Amino acid sequence: MGIAEAASSEIIHYAPTQIMPGVVINMQTVYMSWLTMAIVAAIVFAATRNVQKIPSGIQNILEMFMNG
């Protein structure tokens with residue numbers, strides 16, 4: 001067994017799960033969506049904790065994204 005074969009045998013694959021007739025979801029997609037939401041919420045919380053009239057640091061970056 002080569003290195004590539006050993007590494008590929010350790011990959012976890014989540015099979016689609018049928019939660020109701022006709023409704024199939026992929027749990028890996030659900031997990032990554034929740035992780036992304038948690039990261040975005042943490043960044044927004046950190047940027048809006050100490051809001052100032054003249055932004056600096058992370059508040060400046062967040063306002064750059066919000067203004068487009």
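Leaving aside its neighbours within four places in sequence, with which residues is Q59 in contact? The structure examined here is a predicted model, in which local features need pLDDT of at least 70 and side-chain atom pairs count only at pLDDT 80 or more, whereas totals for chains, interfaces and linings use all residues. Residues are numbered from 1 along each chain as its sequence is written, and side-chain values use heavy atoms, with hydrogens and water left out.

The secondary structure of the protein consists of three helices and two strands, where helices (H or I, at least four residues) and strands (E, at least two) are DSSP runs numbered from the N terminus. Along the sequence these elements follow the pattern α-β-β-α-α. Of the 68 residues in the protein, 4% are buried, a term that means under 20% relative accessible area, with exposed standing for over 50% and partly exposed for values in between (1.4 Å probe, protein chains only). The protein exposes about 6100 Å², of which carbon and sulfur atoms supply 67%; accessible areas come from the Shrake-Rupley method with a 1.4 Å probe, and for residues only the protein chains shown count as cover.

Q59, which lies in helix 3 (residues 58–67), has a relative accessible area of 6% and is therefore buried. Beyond its neighbours within four places in sequence, the residues in contact with Q59 are A47, N50, V51 and Q52, contact being defined as heavy atoms within 4.5 Å.

T17, found in strand 1 (residues 17–20), counts as partly exposed because its relative accessibility is 33%. Leaving aside neighbours within four places in sequence, T17 is in contact with V23, V24, I25 and M27; T17 and M27 are ten residues apart in sequence, and their C-alpha atoms lie 7.2 Å apart in space.

Helix 2 (residues 27–48) has 22 residues and reaches 32 Å from its first C-alpha to its last, close to the 32 Å expected at 1.5 Å a residue, the expected span being 1.5 Å times one less than the number of residues. At the start of helix 2, a side-chain oxygen of N26 comes to within 3.1 Å of the backbone nitrogen of Q28. Q28 itself lies in helix 2 and, with a relative accessible area of 36%, is partly exposed; Q28 and A15 are 13 residues apart in sequence and 8.6 Å apart in space, C-alpha to C-alpha.

On the surface, a nonpolar patch is formed by Y14, Y31, M32, L35, I39, I43 and I58, which together have about 650 Å² of accessible area. Such a patch is made of residues with over 30% relative accessible area and no salt bridge, nonpolar side chains (Val, Leu, Ile, Met, Phe, Trp, Tyr) being joined within 5 Å, and a salt bridge is a side-chain nitrogen of Lys or Arg within 4 Å of a carboxyl oxygen of Asp or Glu. Helix 2 supplies the largest share of the nonpolar patch, five residues. I39 lies in helix 2 and, at 45% relative accessibility, counts as partly exposed.

Technical notes. Patches are made of residues with over 30% relative accessible area and no salt bridge: like charges are joined within 9 Å, nonpolar side chains (Val, Leu, Ile, Met, Phe, Trp, Tyr) within 5 Å. A polar contact is a pair of N or O atoms within 3.5 Å; within protein, one must be able to donate a hydrogen and the other to accept it, and residues adjacent in sequence count only if both atoms are side-chain atoms.
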